[in-house]
Amino acid sequence: MKAEMTPAAIALLLLLAALLVHDATARGKNKRLLVVEIAVFALGGTLIVFPEIARRLAHLVGIGRGVDFVLYPLVIWLVRESLLSRQRRYEDDRRMTELVRALAIRNATHRVAWESTNVARESDHLADLGERLRDGRYS
């Protein structure tokens, strides 16, 4: 099996390397995901450099071209990720709404309690002032 280093293959390998360097520096702590990404990129790079592997695998499973052998599962995976991402976003929106409602109710409850305490204190103060005025003790 012979390596096919076309300009497109070189460009794709450079793109894979750039993405890998970017993700390695940007992610930092998530090493497990980086290892998975390295494995997937290594497989992709192998299929780019040795397209005969993809062709043989495609013919083995009854698909005409090697690129279709790679693209079919990729499209299915991307559609799945899109649907799961949408579902997660809706769940996050729902949780955020519940959290904001709970905070608003808690703040309103504390405000009512605080205001009723101050009203009671003011009422006691006014009653005490009234008694002192009646008794002539006001100074």
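Biologist: What percentage of the chain is helix and what percentage is strand over residues 57-79, and how far apart are the end C-alpha atoms?

Modeller: The chain is 83% helix and 0% strand over residues 57-79, with the end C-alpha atoms 23 Å apart. This is a predicted model, in which local features need pLDDT of at least 70 and side-chain atom pairs count only at pLDDT 80 or more, while totals for chains, interfaces and linings use all residues. Residues are numbered from 1 along each chain as its sequence is written, and side-chain values use heavy atoms, with hydrogens and water left out.

Biologist: Where does UniProt place the feature "transmembrane region"?

Modeller: The unreviewed UniProt entry places that feature at residues 33-50 and 57-79; such annotations may be inferred rather than shown by experiment. Over residues 33-50 the chain is 94% helix and 0% strand, and the end C-alpha atoms are 25 Å apart.

Biologist: What angle do helix α1 and helix α2 make, and why is α1 called roughly antiparallel to α2?

Modeller: Helix α1 (residues 7-27) and helix α2 (residues 31-49) pack at about 175°, with their axes 10 Å apart. Angles under 35 degrees count as roughly parallel, over 145 as roughly antiparallel, 65 to 115 as roughly perpendicular and the rest as oblique. α1 is therefore roughly antiparallel to α2. The residues of their contact (heavy atoms within 4.5 Å) divide into 13 nonpolar, two polar and three charged.

Biologist: Why are α2 and α3 called roughly perpendicular?

Modeller: The angle between α2 and helix α3 (residues 51-61) is about 95°, and their axes are 4 Å apart. By the limits already stated, α2 and α3 are therefore roughly perpendicular to each other. Thr46, Leu47, Ile48 and Val49 of α2 make the contact with Pro51, Ile53 and Ala54 of α3.

Biologist: How do you know that the span of helix α4 is close to the one expected?

Modeller: The expected span of a helix is 1.5 Å times one less than its number of residues. Helix α4 (residues 66-135) has 70 residues, and 104 Å is expected; from first C-alpha to last, α4 reaches 103 Å, which is close to that value. Just after α4, Gly136 takes a positive phi of about 75°.

Biologist: What makes Asp68 count as buried?

Modeller: Asp68 is found in helix α4. Buried means under 20% relative accessible area, exposed over 50%, and partly exposed in between, using a 1.4 Å probe and protein chains only. Asp68 has 13% relative accessibility and therefore counts as buried. Leaving aside neighbours within four places in sequence, Asp68 is in contact with Ile63 and Pro73.

Technical notes: Axes are lines fitted to C-alpha atoms, for helices over the stretch in contact, and angles run from 0 to 180 degrees between N-to-C directions. Helices (H or I, at least four residues) and strands (E, at least two) are DSSP runs, numbered from the N terminus. Ala, Val, Leu, Ile, Met, Phe, Trp, Tyr, Cys and Pro count as nonpolar, Asp, Glu, Lys and Arg as charged, and the others, Gly among them, as polar.
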